[in-house]
Amino acid sequence: MPKRSLNKKSMNKRAFKPRRAFSVPVREETIKVLAEPVKSESDKKLYRSIRLQNGMTALLISDPSLPPPEEHSSSEEESASASSSSDSTDSTFTSTSSGCRTSRRQPEFDEEKTAACALCVGAGSYSDPPALQGLAHFVEHMVFMGSSKYPKENEFDAFITKKGGSDNAVTDCEQTTFHFEIEEKYLLRAMDMFSQCFVDPLMLKGAMQRERESIDSEFAIFAPSDSNRMEQLLSSLFPEGHPSRMFSWGNLKSLRDDVADDDKLYEAAHEFRDRHYSAHRMTLAVQARLSLDILQRYVVDTFGQIPSNDLPPKDFSPYAFTPEQITSEFSSIYYVKPISDTTQVHLTWCIRSLIPEYQSKPHQYVSYLLGHEGRGSLLSYLRKNVWALEIDTGTPESGKDYTSMYSLFSINIALTDDGLDHIDEVLEAVFSYINMLRHVGPSERIYNEIKMIMDTDFRFSEESEPADYVGALAENMHLFPPEHFITGDELFYKYDPKGITEVLASMKPEKVNIMILSNKYSTPIEYDAVEKWFGTEYHREDIPDKWLDRWAKVEPYKCFHLPDENVYITNNFDLIPPAEPYVHEARELGVDLMSSSAKDVYKKVAAKTEHKQVIFKEGDTTAIVSNFRLDQPNLLRKNDFVELWYKPDFKFRLPTTVLYFYFITPLSLRSAREACLLDLWTDVLEQKLKSAYNNYGQVLTSRCFLFQESVYPANMANLTHSFYVENRGLTLKIIGYSEHLHLLVDLLSREMRAATQGLSEAMFEAVREECARDYHNMLIDPHKLAKDVRMSVMVDPYVSPREQADVVRSITADKLRRFNDDFLDRLYMQVLIQGNISWQEAIRISETVLNNIKFEPLSRNELPEIKVRELPVGEKKLRIMSLDTTSTNSVVSNYYQCGVTTPQEDAVLQVLLTLMEEPVFDQLRTKEQLGYSVFTMVRDTFGVLGYSITVNTQVDKFSKVLAARSSPSDNSAPHHVRSPSSVAHVDSRIEAFLRKFGRDCRRLAERALAEARRALLQLKHTADYDLEEEASLAIERAYDLPPNCREKLAGDRLWGISLQQTFIGGLHLSGYHRSTHLMFHPLARLAIRSYNHAASTHPTTCPYTYPNIYPSFSRAEAIEKVKISDLRSWIGDHLPSGNKKLYKDVNTDPPPVHTKSLPWVHVRFGSHALPRLTPIRQAQCTSAYIPAVLYNITYCTYLIISQIVGHKDEKSNDVEPGTNKSHDITYLGPYEDADEDKDNFVLDVEEFKTNLPILPVPKVELIQC
């Protein structure tokens, strides 16, 4: 693949020396070829399973599309190459007698694809020594901390990041999986570095001490999760000595406090790796656009070096499931105190291991019926009585639920308050339904229906992201034979009524574990026990004998029966040919609709000087497109009611279609009450669609009910829908097989107009309570609270979930019924229909929605408009306490506002953050251990550009350090100082990093810039992997508007607002980060930093036209044009270590009268901001007035959401039923132990916002038709 090549001359005309392509020594060994895996007929990839001489099993996956370009060596690559080997036996894997394909350059406009590789070790946390719990997780972290061949601690991670890739790892119970993805031409080097982590990792003692802190931070981030806490509590109920009792996470207690000394941990980690990280217990999957022979050579020459000890895995057979293992502690009721506001009941049975029964999957049959939501189902009965709203059943085929020793089968029910009061009747209904399944017995009709759905899904499965795909396959390779590596967890091979009967027989009342989570008990629960690791409070009781007797004898209720035949199952998979205008245009352009890449099509479309008018006509249906383009959706209809965008599927050629309907209304932003009504209306509609009764939620005495059509069968047949509220209205997204989509659209749009008909008071109150819980749970997440406060400062109008939480319980059912008409009577609808569907059908579908809802159009001045405030020059801080009083987690997120987005600014900032990503992680996370998750992010907020640096930490993480600094000689100093100063420490380190980064960038070499550009372009040009992704990126990829206009459209959510998944709440989150470390968790400290925008000009009108506003792929072109001088100029204007010459002439006098209209700022020397400026006359004065147009001082707003250890409110979640929780926040000033200026703190946000100007973001007019 890699060939020797010459790099072109750089911008400064210096010629680089030619570099050798990277290579590794050739290994000659005999490999065994295994059975080829069964694959889907839509899967064009080639597969080969092999076993190396060291015992490793590898799956090679060759993508048959065009090969990647050759690798261009850099000086860093040459150095690495030289260090690896200089022997003449090195292989560059060009065309040789082995049959390897010669690498060639990729055509200029081919789409990029990432290569991916995953390695799975057949050992996990169940192999931990009892005295060192969490050791497997710890070793997973340590193997990446340098190897003998690549000894730098962060070398592999840095290489992956610089080449536009990402890496991740996860420790499970019996497996540990590592994977990475990277630009294909760097695959060989990445595989060599990756494999060396298993050949000879260093695992140095110094790195261990730091990484142990990271393990503890990771645990602290996930500790507030109710599901994690409940899982650990359930694990503790297994018999003493059972592997499931292990604490798999690890923290400082298990890896430091419970260990005699660090030498013991060091020795244990190396012993664990030597024992378990053996090649014969490893599986590998690798995917790239390379031939199978080349991939095989890569694997042999890199992973063939991993040693094998030939030792058997740890023997878990003594712990294989037997009914005697179910202890009385397990078969009990546990009342568990939750962190979030929730009411749930979980029933769990421990049964035999189901892994050997993967061909029949009896548990999935039982789960399909217990979790059914249609007529005759368990949930239908519970909804009718308003006892439950949701149900989740089955065995998640991973983790502690699915092991070689046992399996766990669960039924999880989301209860209403009334359901909690009738918990005994809810549980009786569960066992009544189970008894019905026993009486009826296994049904081959139901099995065949499940099998048909799964077979169809697999037959037309879309391509997965390579990293996800190889990771899943590497894990499957431990469970299934080679021929079933791909299908083992997907398909049903045989009907096994005996296996189904045995699963149902295992679900006995006396063997069940019941956990109830709630804070709404009518009689308060006294929690008298605490789980060891998570600190979960709970109370245990024996299941009453009378309950057990009733459950064993209860007859099936008359309303319970097996599901009816599913009429939505697809039988017609015909592909719709493209309409003649598309065929004619493709012929004129000389492109192949089925094989040409998106970039190739764009290039030829863009070369046309004029785009003609096209008339679509069939019968009485006509559509006129005045600016027809082959490379993007075209506007078929535009009037006062609707605009319809349409694009047939040329690329994936599957019988599926994606539809987006965006219903725009001014009500969503008018007030908190109306925004809350829209949320409630959506939730009520979803409950009605899932309900099987006309008067849903109405408790009836009769056993006879009038059934209505339910959407659930369609969802089960993979015709899925989702409603979600957006800034300017409501989005409906539908995706599935094309044959019956029109039926689902008709059903959904009819039910929208009738959403509140038949709504009972009981069901309304249950939905309202669930909505209130959602608001509360959102606000106790500190990251979401941080975003809420930031958006409330910057965006106008903005409705805060804090306001919604305060008004939700005052809304009545009558108000919701009136809102139903207020909302639907006046709308504007935007529609995107893309996929295997004709243009005539697209028009008919849009007309169906119009006819069913029957709305009037909005006037032009009713269309909602969102504005963004300009943050002032200077430094301010907002600080609040987290609303979760049980967590020490903190999020320090410093946001820097840069001004109205332009293509050039956007490109420069994205290149800079690409350069920043690796060093910010290495410095703040790896070296300084500020927190487990550290990342940067570009933020485009409705056309206003900015960026952020975020660190997830704990409020008391640096308490000892700060206490020592504040009182170095006082032995009586407290163990913990006031904790928020720890967060101030994190902020100071972020600022220190930015100063150093700015200095480093000013010395940046052209080669390093070229590398960053290349990595960023790789991300921009990566191919879409499925139709849904292509549609969701339609705005960014097909239209690629100027970023300011793009955000306006994205803010409007053209085609459904969430098409671009990185737009969240109007905030553009298109940052680049390691998937390993992107965690959004709790004390959120938000720093908002702003720069002076006075020197820039803001156009009042958009200088572009639509749809060819800004050439497609032009952002990639803008990135290619970024030069060193652009970076230096941007740094001088925007970073703390910027161009200091701007600060030389400091005026110590007040501004002249005639210039007071100009933006001036009064600066006190010695304040938090000034050490960054270092003005020449600083020693001569104590304060000065400086014209804002002459400098760019960072303006910092810190929102610190923190928990102070010892100040927890233990009763904070014990709220009486029906009462309102307070979501008021108080803005705090500086802490005594931190060196902070009180003048920098904003204590009254409303007053602060009053004087902030609005940034003039250009508007976009849509004028295609």
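**Close-up 1. Arg790 and Tyr895.** A charge sits over a ring if NZ of Lys or CZ of Arg is within 6 Å of the ring centre and within 35 degrees of the ring normal. In this predicted model, the charged end of Arg790 is placed over the ring of Tyr895, 5.6 Å from the ring centre.

**Close-up 2. Lys163 and Tyr186.** Here is a lysine in such an arrangement: the charged end of Lys163 sits over the ring of Tyr186. It lies 4.4 Å from the centre of that ring.

**Close-up 3. Phe194 and Phe303, an edge-to-face pair.** Aromatic pairs number 50 in the structure. For Phe194 and Phe303, the ring centres are 6.0 Å apart and the planes meet at 70°, so this pair counts as edge-to-face; the cut-off for that class is over 60 degrees. Phe194 belongs to helix H4 (residues 187–199) and Phe303 to helix H9 (residues 292–303), so the pair links distant parts of the chain, 109 residues apart. Both Phe194 and Phe303 are buried.

**Close-up 4. Tyr334 and Tyr538, a tilted pair.** With ring centres 5.8 Å apart and planes at 50°, Tyr334 and Tyr538 form a tilted pair. Tyr334 comes from strand E10 (residues 333–336) and Tyr538 from strand E16 (residues 537–541), so the contact ties together parts 204 residues apart in sequence. Tyr334 is buried at a relative accessible area of 1%, and Tyr538 is buried at 15%.

**Close-up 5. A cluster of aromatic rings.** Ring pairs join Phe144, Phe156, Phe178, Phe180, Phe194, Phe198, Tyr277 and Phe303 into a cluster.

Conventions. Residues are numbered from 1 along each chain as its sequence is written. This is a predicted model: local features need pLDDT of at least 70, side-chain atom pairs count only at pLDDT 80 or more; totals for chains, interfaces and linings use all residues. Side-chain values use heavy atoms; hydrogens and water are left out. Rings of Phe, Tyr and Trp (its six-membered ring) pair if their centres lie within 6.5 Å; planes under 30 degrees apart count as stacked, over 60 as edge-to-face and the rest as tilted. Helices (H or I, at least four residues) and strands (E, at least two) are DSSP runs, numbered from the N terminus. Buried means under 20% relative accessible area, exposed over 50%, partly exposed in between (1.4 Å probe, protein chains only).
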